[in-house]
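Please look at the fold and its aromatic contacts. The report below covers both.

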Amino acid sequence: MARPQDPPRGFFPFGNPFKNLSSKNPVLSSNLLSLLNTFETNLASSITKLVPKEKSQILTLSWMSQAMASLCQTHNAIKTLITDLELPVSDWEDKWVDVYLDISVKLLDLCNAFSSELSRLNQGHLFLQFALHNLGTNAPQNLPKAQSSLDAWKQHIVSKNPRLESCHAILTSLVQTLNLPKVKNSAKGKVLTRALYGVKVKTLYISGVFAAAFSGSSQNLVYVTVSNELPWAPSFMDMQNTMNSEIKNIFLADGLTVMKELEAVDSGVKQLAPAIQQGSIDPISLQPLKDSVTELTSGIDLVSKEVDCFFKILLSGRDTLLENLRSIGAPTTVLATSPKKAAGKKQRGF
């Protein structure tokens with residue numbers, strides 16, 4: 001993986017989008033206020049749960065799995081809010097539809113890139129399993145084979161994945177969507193726009209962490225300043241500041257990668273190096289490597305499942321919106337981007 005050359009960059013060159021939410025707001029009914037307050041309270045709670053209690057939890061597959069699961073919950077919550085607002089697609093402004101379709105395509109592309117990297121990391125499991133098998137025999141003639149497999153695993157892990165090269169450009173374009181389009185004097189539209197802003201900020205930041213972890217480049221890490229007037233802002237800034245501060249330190253360290261589970265396996269490999277050279281492996285000394293390999297494999301599987309879940313939620317949302325647009329006779333230009341194209345090379349049978 002490429003090592004970073006610059007500290008994490010801050011993204012927010014487009015002014016304060018919250019002003020579009022707070023200026024000239026129509027009076028909200030008690031029902032709309034209740035819906036918005038409930039959504040934002042739940043959003044704040046979900047973000048708070050992602051603030052690591054220990055530095056050791058940062059850039060772990062465990063945290064990444066939790067974060068992606070949290071994104072799935074938040075995107076399902078915004079679907080529920082749209083239903084509760086009784087805001088049918090026929091009432092959506094064209095620019096809302098355009099922004100939604102554009103963002104969903106970009107997020108699908110990020111999911112494809114993340115899944116590609118998780119699959120690539122999982123392929124390295126074969127090298128580790130072969131090495132563990134040969135090490136477990138404790139036969140001198142098998143130790144060179146084990147060392148060769150471990151060397152191949154290292155080379156595999158540090159190699160670059162070209163599918164990740166587009167992440168920085170995608171994230172940069174997503175930052176621009178934070179500058180929300182103006183909405184007409186619609187109370188329901190204002191509620192939806194404000195809720196979507198929170199979803200986009202959370203999604204953008206977590207996506208940036210994923211891209212930074214997988215690519216090994218701090219340029220993919222995002223920093224967003226949000227208005228203190230938003231009830232979820234303190235939770236978000238706490239998460240962002242806690243994560244970014246430690247992630248900078250992790251990137252400055254001279255490790256094989258920035259992901260903790262991969263580093264744990266590499267540490268186990270280094271500890272066994274002298275014994276391999278001496279031609280004898282103590283089964284007890286092999287256990288730490290076995291444990292770290294098991295944790296790595298399990299972590300990759302969990303993150304893969306959550307990324308797959310997020311992908312399906314995004315694609316389902318697109319399918320529903322496009323179908324509704326067709327039912328009301330929307331212009332063909334609005335329907336030009338097909339979900340299959342949005343899914344890129346990800347073969348999931350959709």
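A residue is buried under 20% relative accessible area, exposed over 50% and partly exposed in between (1.4 Å probe, protein chains only). By that rule Phe214 is buried, with a relative accessible area of 1%. Phe114 is buried too, at 2% relative accessibility.

This is a predicted model: local features need pLDDT of at least 70, side-chain atom pairs count only at pLDDT 80 or more, and totals for chains, interfaces and linings use all residues. Numbering starts from 1 along each chain as its sequence is written, and side-chain values use heavy atoms, without hydrogens or water.

The chain has 12 helices and zero strands. Helices (H or I, at least four residues) and strands (E, at least two) are DSSP runs, numbered from the N terminus. Of the 350 residues, 51% count as buried.

The whole structure holds six aromatic pairs. Rings of Phe, Tyr and Trp (its six-membered ring) pair if their centres lie within 6.5 Å; planes under 30 degrees apart are stacked, over 60 edge-to-face and the rest tilted. Two of the pairs are tabulated here.

| Pair | Centre distance | Plane angle | Class |
|---|---|---|---|
| Phe114 and Phe214 | 5.7 Å | 55° | tilted |
| Tyr205 and Phe236 | 5.8 Å | 85° | edge-to-face |

Phe114 lies in helix α4 (residues 94-123) and Phe214 in helix α8 (residues 187-215), so their pair ties together parts 100 residues apart in sequence. Tyr205 sits in helix α8 and Phe236 in helix α9 (residues 233-252), so this pair links parts 31 residues apart in sequence. Both Tyr205 and Phe236 are buried.
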